[in-house]
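Student: Could you walk me through this structure? I have not looked at it before.

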Amino acid sequence: MPPSRHEVAVFDTRPFFEKALVYGVQNGIINQDRVAHILNDAPKGMLQIAEYFGTQYLRPNIEEARTRIVNLVSLFLLDRSGGDLDKAARSLRDNTFLSHSRGGSEMLKALWAMPECDVIGSVDERSQREFLADWSLRDLAEYRLTREHRREYHLAISAALWFADNLGVAPASLSMVPVGSFLRTAMLVHLAGNSPPAIPNAAGFVSILEAIRKKGVPAKGRKRIREVFQILPESYQAIARRYLQEVETEDLPRILDTSYPLDKLLEELVQKGYFLRDFDLEDASLFDAAVSKEWQKITGGKTDDDSLLTIFVCIAADMLPKPALTRAVARALIRKVRTDGFQREPVLAFIRACAPHEMQDGLERLWNEFFQEAETYLLDTSDSTLGEALAFLKENCFVV
């Protein structure tokens, strides 16, 4: 019994172009005149390919070009026919050999243009020529597997951009942001139920976590998630639900577990990947500050120089640290340092013990630069009315 077309497709290791050509000739689909046209066109295409990737004057380039053009034609035929040899043979009969080669080349160019990972804005780092040089020598199985992966990446990125538009986030601000990072954050934002929903900065992220810890996920958050999925395009449903389930089953139990320290929780979620808006240096400092419980407790989340210097002055004067002083307390502080002294080291020790690591060097410089001038004004007993010392504190600290 002769082998079926399906059996040939499975077990025949020849290039698909060759299988389709032989099948077409054997079954009277392709005549000798069409074969002659193919034999005439193939060398022209090979020379063009050899010249594009190197030179047409070296035999190795020509041999490589033969492999490339057969792969390109096979790729196009396989994609258009779905592996059906009868359809592939009729395509060879009705269209030129070089049009099949160009079709395969266009397919590889389209593959190159697709994202190579699920990072928004990602592109293949190779030039199009470098990509074609590589992929025109690969087998069809690799192409099909890679195309499937890249289609999945494209779909995931499209879903993330839909949520970005829904939340008013400019696509340009998401360049090189992993899909999972953004979608995970979007799900948590909707679950938090804040109005209007918005991607948080570091401080807002901390607030969301604290609010959920105190009251759980609000009913309006559950309602909002349902409403979002009602308008979400069907093609994006699966990827979005995957990240929603991840947030609900993996992250929410951690967030709701008040026995789990907030600083540890933040570190864990950051490592896992959450997208935060406007994550500049100041915002990063605020976020890191929240990680240190003692630092957060004393500073109240303040990161501006005036508030921090106010706290440092209090510590140097051996007073309860506060990020703001009334005029009366500031005057009492001046009197105290003139009696008991003004110490540099306790502040440096506080910074090293409590401040986030990334902030420590900058804070030490800030304090050391401030300390010498502060001594001059705060310890100047000739300033009997405390006017100049108070003016100095108002200029450099937070005095209300």
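Student: What should I know before we start?

Tutor: This is a predicted model, in which local features need pLDDT of at least 70 and side-chain atom pairs count only at pLDDT 80 or more, while totals for chains, interfaces and linings use all residues. Residues are numbered from 1 along each chain as its sequence is written, and side-chain values use heavy atoms, with hydrogens and water left out.

Student: Okay, how many cavities of 30 Å³ or more does a search of the whole structure find?

Tutor: The search finds 1 cavity of that size, where a cavity is a set of points on a 1 Å grid over the protein atoms alone at which a 1.4 Å probe fits but cannot get out. The largest cavity holds about 60 Å³ of space, a volume being the space filled by probe spheres set on the points.

Student: And which helices each supply at least two residues of its lining?

Tutor: Those are helix 4 (59-81) and helix 8 (140-166), and helix 4 gives the most, with 3 residues. Helices here are DSSP runs (H or I, at least four residues), numbered from the N terminus. The lining residues, which have an atom within 4 Å of a point, include Asn71, Leu72, Trp135, Asp139 and Tyr143.

Student: What kinds of residues are in that lining?

Tutor: The lining divides into 6 nonpolar, 2 polar and 2 charged residues, with Ala, Val, Leu, Ile, Met, Phe, Trp, Tyr, Cys and Pro counted as nonpolar, Asp, Glu, Lys and Arg as charged, and the others, Gly among them, as polar.

Student: New topic: how many residues does helix 10 have?

Tutor: Helix 10 (residues 202-215) has 14 residues and reaches 20 Å from its first C-alpha to its last, close to the 20 Å expected at 1.5 Å a residue, and the expected span is 1.5 Å times one less than the number of residues. Its buried residues are Ala202, Phe205, Val206, Ile208, Leu209, Ile212 and Arg213. They cover an arc of only 155 degrees around the axis, which puts them on the same side of helix 10, whereas Lys214 and Lys215 are exposed on the other side.

Student: What about the residue that follows helix 10?

Tutor: Helix 10 is followed by Gly216, whose phi is positive, near 75 degrees.

Student: Which residues other than glycine have a positive phi?

Tutor: Among them is Asp318, with phi near 60 degrees; Asp318 lies in the loop between helix 16 (305-316) and helix 17 (327-340) and is exposed, with a relative accessible area of 65%. Another is Leu386, with phi near 65 degrees; Leu386 is found in the loop between helix 19 and helix 20 (387-396) and is buried, with a relative accessible area of 6%.

Key:
On a 1 Å grid over the protein atoms alone, a cavity is a set of points where a 1.4 Å probe fits but cannot get out, and a pocket is an open set with protein on both sides within 12 Å along at least five of seven lines; lining residues have an atom within 4 Å of a point. Buried means under 20% relative accessible area, exposed over 50%, partly exposed in between (1.4 Å probe, protein chains only). The arc is that of the directions from the helix axis to the C-beta atoms.
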